[in-house]
Amino acid sequence: MKPNEPSRTALNVARQRAAHQVLDHGSILYDPFAMKILREDEKDVLQFANKHPLASIGRLVTTARSRIAEDASSRAIERGIRQIVILGAGLDTFALRNPHGARQIRIYEVDHPATQAWKRDRLAEAQITLPPCLILVPIDFERDDVGEKLIAAGFQQNSPAFFTWLGVVPYLTQDAIDRTLDYMSSIQHSEVVFDYMEPPEASSEEIRQFEKERTEELEKVDEHWVSRFEPAGMAAILRSHGFSAIEDINFQEITSRFGRAVQGLAPGQAGVHVVHAKH
Ligand SMILES: C[S@@+](CC[C@H](N)C(=O)[O-])C[C@H]1O[C@@H](n2cnc3c(N)ncnc32)[C@H](O)[C@@H]1O
């Protein structure tokens with residue numbers, strides 16, 4: 001990311017969620033705040049969604065990973081978990097939509113200081129008030145100690161927590177990924193949902209080409225896909241951090257579970273995975 005500038009990719013993911021409301025009626029992830037937080041009109045959002053024929057795949061993956069995370073967090077809350085930590089939150093609106101209000105959960109949104117400040121401004125401009133359950137924690141995963149910052153914000157180290165980490169791992173170095181996994185695994189009964197990318201060879205030719213173009217665009221805004229993993233390698237990393245129950249959902253499964261909901265979904269195979277791991 002460019003120093004002192006918010007993440008451009010966070011904006012693009014938010015546009016995907018908004019396009020999903022307009023084109024697919026929010027059938028994977030219903031989000032009444034998706035358009036509001038963007039402060040763009042439907043025409044701009046549709047233009048973004050139609051810029052490339054393969055953008056529909058991005059829309060599928062970004063909404064499906066949030067849906068998988070939110071379904072898993074609902075089950076965790078049913079079991080008694082009361083702390084939700086959204087790592088690299090971007091313009092995520094879960095805290096605004098929180099359907100678990102009555103259960104007194106606390107939601108920690110952890111993000112790069114520049115992205116978080118930008119989100120605050122956006123919410124204020126859209127006249128959306130921060131809900132009392134939400135605590136904002138500015139962090140640079142590459143420099144800061146996640147645990148220290150969370151504890152300073154009131155996070156209960158000795159109580160279980162559910163973490164989401166969506167669209168973030170590919171942008172982090174192996175060192176920052178390891179330190180963050182270390183911290184999550186230090187919390188008893190912790191769970192995490194995150195996504196990761198495989199090396200380009202796992203994707204079909206058109207998607208590989210699309211990824212190449214995206215990589216060049218990302219370079220311009222100083223956001224880089226620096227970490228990719230083979231599924232077996234990711235499972236080994238998670239086991240080495242003590243995560244025992246690991247569900248790795250590949251693109252084929254994502255498509256068969258959610259693909260029908262995406263209007264005009266382009267064909268192709270993408271090397272993306274969503275993982276739900278429990279400690
Ligand atoms: C692609 S966006 C995903 C946002 C959000 N999770 C979503 O699904 O809408 C990537 C997010 O990771 C955050 N991020 C990337 N590198 C980071 C770092 N070194 N420290 C803190 N946050 C970082 C960005 O600020 C941004 O919010």
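Two strands pair if DSSP finds at least two bridges between them. Strands (E, at least two residues) and helices (H or I, at least four) are DSSP runs, numbered from the N terminus.

The model is predicted: local features need pLDDT of at least 70, side-chain atom pairs count only at pLDDT 80 or more, and totals for chains, interfaces and linings use all residues. Residues are numbered from 1 along each chain as its sequence is written.

**Exercise 1.** Trace the sheet, then inspect the pairing of S2 with S3.

*Solution.* 
- Step 1. The open sheet holds seven strands, in the order S3-S2-S1-S4-S5-S7-S6, with mixed pairing.
- Step 2. Strand S3 (134-138) and strand S6 (245-249) are the edges; each pairs on one side only.
- Step 3. Strand S2 (residues 106-111) runs parallel to S3, and five bridges join them.
- Step 4. Glu109 faces Leu136 in S3.

**Exercise 2.** Describe the shell around the ligand.

*Solution.* 
- Step 1. Of the 22 residues around the ligand, those that come nearest are Ser7, Gly88, Gly90, Thr115 and Gly167. A residue is near if its C-beta atom, placed from the backbone, lies within 6 Å.
- Step 2. Helix H1 (residues 8-24) supplies the largest share, four residues.
- Step 3. Sort the shell: eleven nonpolar, seven polar, four charged. Gly counts as polar.
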